[in-house]
Amino acid sequence: MSILSPDNALLKQAEVEAEQVVSLLRIAVSLGLLAIFFLAVGGNQVAPEQYLHRQWVFAVATMLSYLTMGIVAFWMARSGRIRDWMVWPLVTFDCLFMLANTWVGLENTGLPGELTFILPPTWMVPVILAFTVLRFNPYLQAYCVAVIAVGLAMLSLWQPEEITPFIAQRAGTLLSGPPNIVRVTMIVFGGVVLVVAAWRTRRLLYRSIAETQQKANLTRYLPAQLTNRLAVASLDDLRRGERQNMAVLFIDIRGFTRWSQDRDPQEVGRYITDFRSLVQGCVDASGGMIDKFIGDAAMVLFEGEDAAARSVTCAVALEQIMADWSRERQARGDNAVRVGIGVHWGEVFSGVVGDPQRLEYTVFGDTVNTASRLEQLTKQEGQTIIASAAVLQAASVAPASEEWSVLPAAELRGRSGGIEIFGRGMGAGRA
């Protein structure tokens with residue numbers, strides 16, 4: 001089952017929201033420019049020259065088209081019609097809009113390319129770059145920078161000629177009050193968009209940190225391998241569960257109840273903490289997951305590729321780890337540690353049970369019961385590990401060549417007929 005990680009899901013949601021925000025800002029920029037334009041030139045009582053008149057008409061037409069584009073893009077984003085690939089043409093439109101306005105300005109005024117950057121449309125660059133920042137896509141940002149840089153470089157090399165008094169007069173007009181007001185306005189708009197981008201980035205980071213903390217808290221109560229699955233699936237899906245083949249391992253400390261009687265609670269707590277820490281480390285190294293700790297016992301699950309082989313590897317490693325820990329304790333004058341381990345392979349039901357106030361991931365079925373009873377059988381048979389023939393066969397383990405001994409077929413409670421089993425760790429003794 002393919003699962004979308006929470007981080008990617010959060011980023012996808014942020015990208016959809018970004019298109020709505022960019023569209024609204026595009027509308028706001030268009031309306032703002034129209035308002036500033038009419039305020040700047042509306043009070044001019046002197047009839048403009050013909051080239052200025054054409055420039056004003058074109059400016060109004062392009063701002064209205066930009067407004068229309070913003071409205072259409074917002075409608076598409078709001079209605080869920082925006083797709084990932086559409087972001088690229090939208091960014092291209094923003095870049096070409098600015099470049100086309102600049103080119104028309106050069107053509108209409110007769111200015112050479114060297115004076116490209118005195119034209120007000122070039123001051124849209126900060127706004128366009130800020131729009132792209134809102135989309136959290138570095139490749140898109142690099143593309144936007146490249147298009148703008150190449151376009152402006154080409155325009156600046158267009159129609160090179162000397163600066164004549166005629167050109168100087170028109171350049172002076174473009175550096176007068178109204179165009180400068182437009183430039184300042186574009187800087188303000190660019191700053192506002194960057195403020196919005198910073199705010200959205202901060203909010204996204206905060207949400208990501210909060211979800212990471214929630215996930216960390218969740219792993220204290222659930223196997224770490226399940227947190228992503230439980231975070232993205234619906235409650236109905238989790239309750240529906242699934243049937244699959246798993247290896248199930250049980251490990252239990254022998255004689256713990258008798259040893260813990262009249263012991264200091266802190267000493268008992270340290271003992272169990274050390275035991276669980278060793279089991280957790282071994283299980284993690286084997287790619288398993290601890291379903292639950294039950295006092296001095298643990299239930300461990302192995303699923304996926306090579307699950308059976310990993311369960312057998314884990315059982316053998318636990319045998320060695322517990323033996324080493326026992327020798328360390330005895331060297332300090334503490335009691336020896338003896339454990340029983342049962343491993344079985346077969347079909348289980350896995351899923352979540354409980355109500356929304358308290359959910360629990362669980363695995364149950366005959367495979368679980370069998371693994372538990374094999375662990376209990378280690379005491380009777382004097383073995384450290386008892387594994388079923390099913391798990392050894394699934395793990396491609398040859399018992400005779402890997403220190404496994406054949407044990408009498410076990411008649412387990414709740415099962416009809418005997419089950420072929422193998423033992424390891426003879427001489428562990430009965431507790």
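Leu 278 sits in helix 11. By helix I mean a DSSP run of H or I, at least four residues; a strand is a run of E, at least two; both are numbered from the N terminus. Leu 278 is partly exposed, with a relative accessible area of 28%. The cut-offs: buried is under 20% relative accessible area, exposed is over 50%, partly exposed is in between, with a 1.4 Å probe and protein chains only.

Before going on, the ground rules. This is a predicted model, where local features need pLDDT of at least 70 and side-chain atom pairs count only at pLDDT 80 or more, while totals for chains, interfaces and linings use all residues. Residues are numbered from 1 along each chain as its sequence is written, and side-chain values use heavy atoms, with hydrogens and water left out.

Back to Leu 278. What does Leu 278 touch, not counting residues up to four places away in sequence? Ile 321, Met 322 and Trp 325. Contact here means heavy atoms within 4.5 Å. Take Met 322: it is 44 residues from Leu 278 in sequence, yet the C-alpha to C-alpha separation is 8.1 Å.

Now the helix pair around that residue. Helix 11 spans residues 265-285, and it packs with helix 12 at an angle of about 145°, axes 10 Å apart. Axes are lines fitted to C-alpha atoms, for helices over the stretch in contact; angles run from 0 to 180 degrees between N-to-C directions. The crossing of helix 11 and helix 12 is right-handed. Handedness works like this: left-handed if the near helix is turned anticlockwise from the far one by less than a right angle, right-handed if clockwise. On the helix 11 side the contact uses Tyr 271, Asp 274, Phe 275, Leu 278, Val 279, Cys 282 and Val 283. On the helix 12 side it uses Cys 314, Ala 317, Leu 318, Ile 321, Met 322, Trp 325 and Arg 329.

Is Glu 319 buried or exposed? Buried, at 19% relative accessible area. Leaving out residues up to four places away in sequence, Glu 319 touches Ile 341, Thr 384, Ile 385, Arg 424 and Gly 425.

Asp 306 has a positive phi of about 55°, although it is not a glycine. Most residues other than glycine have a negative phi. Ser 396 also has a positive phi, about 60°, and is not a glycine. Ser 396 lies in the loop between helix 14 (389-394) and strand 7 (405-410). Ser 396 is exposed, at 64% relative accessible area.

One more residue: Lys 379, in helix 13, residues 366-381. Lys 379 is partly exposed, at 40%. Val 339 is 40 residues from Lys 379 in sequence and 8.9 Å away in space, C-alpha to C-alpha.

Next, helix 5. Helix 4 (residues 125-133) packs with helix 5 (residues 138-156) at about 160°, axes 9 Å apart. So the two, helix 4 and helix 5, are roughly antiparallel. Cut-offs: under 35 degrees is roughly parallel, over 145 roughly antiparallel, 65 to 115 roughly perpendicular, the rest oblique. The crossing of helix 4 and helix 5 is right-handed. Their contact residues divide into 9 nonpolar, 2 polar and no charged.

Helix 3 (residues 87-109) also meets helix 5: the axes come within 10 Å and cross at roughly 15°. Helix 3 and helix 5 are therefore roughly parallel. This crossing of helix 3 and helix 5 is right-handed. The contact residues divide into 16 nonpolar, 3 polar and no charged.

What does the record say? The unreviewed UniProt entry annotates "transmembrane region" at residues 21-43, 55-75, 87-106, 118-136, 143-160 and 180-199. Such annotations may be inferred rather than shown by experiment; positions are in the numbering used here, and feature names are shortened. In the model, residues 180-199 are 100% helix and 0% strand, with end C-alpha atoms 29 Å apart. Residues 118-136 are 47% helix and 0% strand, with end C-alpha atoms 31 Å apart.

Last, the whole chain. The protein has 14 helices and 8 strands. Of its 431 residues, 44% count as buried.

Definitions and conventions
Nonpolar A, V, L, I, M, F, W, Y, C, P; charged D, E, K, R; others polar.
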